[in-house]
Amino acid sequence: DVRVAAGGVSEGNFMGMCAVGNKIFAAPFCAEKMLVYDTDTGLATGVDVRVAAGGVSEGNFMGMCAVGNKIFAAPFCAEKMLVYDTDTGLATGVDVRVAAG
């Protein structure tokens, strides 16, 4: 059940997905957590990204891509771009407000 992995939000949870290895990642739009789905085990888990987002609660990220072992989620309303290291499990945010103009 992805509702548990999402942090309990019921609508507009995710916007955009990408894969690294055997795992699929979904960008949290209204969800409090990024969805991680293991295609080998069928297990869905969530990674809390609220701090990385800069405290926004809705419309955080829209779209994801992967480069090597890192996942990047484009900020929609979030103050920061999400960067998730699949090796360490660390989610961080990169302030992109200046780049947005």
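## Salt bridges

Asp48 counts as partly exposed because its relative accessibility is 37%, between the 20% and 50% limits that separate buried from exposed residues. The structure described here is a predicted model. Asp48 takes part in a salt bridge with Arg50, in which the closest N and O atoms are 2.5 Å apart. Arg50 has a relative accessibility of 40%, so this residue too counts as partly exposed.

A salt bridge also joins the side chains of Arg50 and Glu32, with a distance of 3.8 Å from N to O. Glu32 is in the loop between E2 and E3 while Arg50 is in helix H2, so the pair ties together parts that lie 18 residues apart in sequence. With 31% relative accessibility, Glu32 is classed as partly exposed. The count of salt bridges comes to two, and a network of salt bridges links Glu32, Asp48 and Arg50.

## The four-stranded sheet

Four strands make up an open sheet in the order E1-E2-E3-E4, and their pairing is antiparallel. At the edges are E1 and strand E4 (44-48), each of which pairs on one side only. From one strand to the next, the twist averages 25°. Strands of a sheet pair through backbone hydrogen bonds, in either a parallel or an antiparallel arrangement.

The pairing of E2 with E3 is antiparallel and has four bridges. Lys23 has Asp38, in E3, as its bridge partner. E3 and E4 also run antiparallel, and five bridges join them. Here the bridge partner of Leu35 is Gly46, in E4. E3 and E4 form a hairpin, with five residues between the two strands. Gly42 sits in the turn of this hairpin and has a positive phi of about 75°.

## The nonpolar core

Which residues touch the most other members of the largest nonpolar core? They are Phe25, Met34, Phe61, Met64, Ile71 and Leu82, out of 17 residues in this core. Several elements give two or more residues to the core, including strand E1 (14-20), strand E2 (23-28) and strand E3 (33-38). Helix H2 (50-53) is another of these elements, as are strand E5 (61-67), strand E6 (70-75) and strand E7 (80-85).

Leaving aside residues up to four places away in sequence, Leu82 touches Met34, Val49, Ala52, Phe61 and Ile71, among others. Also on the list of residues touched by Leu82 are Phe72, Ala73, Ala91 and Thr92.

## Cysteines

How many disulfides does the structure hold? The number is zero. The closest cysteine sulfur to that of Cys30 belongs to Cys77, and the distance of 8.9 Å is too far for a bond. A disulfide would need the two sulfur atoms to be within 2.5 Å. Cys30 is buried, because its relative accessible area is 17%, and buried means under 20%.

Cys65 is likewise in no disulfide. For Cys65 the nearest cysteine sulfur is that of Cys18, 6.8 Å away. Is Cys65 buried or partly exposed? Its relative accessible area is 40%, so Cys65 is partly exposed.

Conventions:
Residues numbered from 1 in each chain as written. Predicted model: local features only at pLDDT ≥ 70, side-chain atom pairs only at ≥ 80, totals over all residues. Heavy atoms only, no water. Core = buried A, V, L, I, M, F, W, Y, C linked by side-chain atoms within 4.5 Å. Buried < 20%, exposed > 50% of the residue type's maximum accessible area, 1.4 Å probe, protein only. Contact = heavy atoms within 4.5 Å. Pairing = 2+ DSSP bridges. Axes fitted to C-alpha atoms, helices over the stretch in contact; angles between N-to-C directions. Salt bridge = Lys/Arg side-chain N within 4 Å of Asp/Glu carboxyl O.
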